[in-house]
Amino acid sequence: MRAKPTLTQVEGAVYAAIKAGNEIDLQSLVVRRLELAAIVDAMPRVLKQLTDELTPLAQAVGFAANRVIDLQEEKAHCELVEKVTALSAAGDSDKTIREKLNLSPRELDLALGRA
């Protein structure tokens, strides 16, 4: 079965008027079509303007997100250093500390400031 062709808004109004036996107000249909054409014509410029306004904001959001990630990583590192320092002060060996905190030798050296 073939799909019924879709009518534009203007064609739909004309079709409905004819089917109902009403008079067709061509002037308002022409005006509406001109309004729609003006909107379609303006859209690329409007989208460019919005993009130009949003670009600096998007860059600032990206910078802020990166800063938050940096701070979270710094906090996690400080917490690890505190744990390693406490275990080291308690007399635990490097091997024991690595096992308790599930660290590689390099991670332990970084936490102890030896790397």
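This report describes the predicted model of a single chain, from its overall form to local features.

## Basis

The model is predicted: local features need pLDDT of at least 70, side-chain atom pairs count only at pLDDT 80 or more, and totals for chains, interfaces and linings use all residues. Residues are numbered from 1 along each chain as its sequence is written, and side-chain values use heavy atoms, with hydrogens and water left out.

## Overall form

The chain holds four helices and zero strands (DSSP runs numbered from the N terminus: H or I of at least four residues for helices, E of at least two for strands). Its radius of gyration, taken over C-alpha atoms, is 34 Å, well over the 13 Å that the globule rule (2.2 Å times the number of residues to the power 0.38) gives for 115 residues, so the chain is more spread out than a compact globule. The C-alpha trace spans about 100 × 40 × 20 Å along its principal axes.

Buried residues (under 20% relative accessible area, 1.4 Å probe, protein chains only) make up 9% of the 115 residues.

## Helix α2

Buried in α2 are L29, V84 and L87.

## Positive phi values

After α2 comes G91, with a positive phi near 95°. N102, a residue other than glycine, also has a positive phi, near 55°. N102 lies in the loop between α3 (94-101) and α4 (105-111) and is exposed (over 50%), with a relative accessible area of 68%.
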